[in-house]
Amino acid sequence: MARAWRVLLALILICAAGSSCAAERSRTGEFDVKPGGLVHSHSETLGEHVCTFTYASQGGTNEQWHMSVGISEDKKLFSCSVWRSQGKSYLFFTEFKAEVTNAKIEFANGFSQAAVQGRSDVPLKENEYIIGENTVTHKDGSFKSELSKLLIVARSQHDEL
């Protein structure tokens, strides 16, 4: 687990919101999360990788969210982050799924908007979501409908000659 956090932090520092990465190594897009219970998706593509966030939510009005994708300099690690720039979300997610292509997930973590002891990002409990080979999905019956951020680090799947 400590190794995964180091990898994640390195990617975030290297490619955080496209601040200091070359354009070909990171991309950040904005999208509106729309309530109403209908399923919506947003995708960002970077080279051969695609990250798609699919969700349904209820309550409130549209919220502006961001998705950042990045690739490490050696092109072995791909990251995808989905978050609300305003921090706390007032929407209730009835479902969510994040999927990456051409990469295998090594680490993923979701965060709740519930504030605890002054912390704005509280990790979701491990029983609230399921990490697959290339997807992170809410777990029916356990997910408490609170999501403010989702982070994924995946290893690129290249066919070596």
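These are my notebook entries on the fold and surface of this predicted model.

**Ground rules.** I number residues from 1 along each chain as its sequence is written, and my side-chain values use heavy atoms, with hydrogens and water left out. Because the model is predicted, local features need pLDDT of at least 70 and side-chain atom pairs count only at pLDDT 80 or more, while totals for chains, interfaces and linings use all residues.

**Elements.** I looked up the secondary structure and found one helix and eleven strands in the protein chain. They are DSSP runs numbered from the N terminus: helices are H or I with at least four residues, strands E with at least two.

Which strands form the open sheet? I read the order 2-3-6-10-9, with antiparallel pairing; two strands pair if DSSP finds at least two bridges between them. Strand 2 (40-46) and strand 9 (129-131) are the edges, each pairing on one side only. Neighbouring strands here are turned by 15 degrees against each other on average, direction ignored; the axes are lines fitted to C-alpha atoms, and angles run from 0 to 180 degrees between N-to-C directions.

**One pair up close.** I followed strand 6 (residues 92-100) alongside strand 10 (residues 135-138), an antiparallel pair with three bridges. Glutamate 99 stands opposite threonine 135 of strand 10.

**Whole chain.** I noted 43% of the 161 residues as buried (under 20% relative accessible area, 1.4 Å probe, protein chains only). The chain exposes about 8600 Å², 49% of it from carbon and sulfur atoms, by the Shrake-Rupley method with a 1.4 Å probe.

How values were computed:
Buried < 20%, exposed > 50% of the residue type's maximum accessible area, 1.4 Å probe, protein only.
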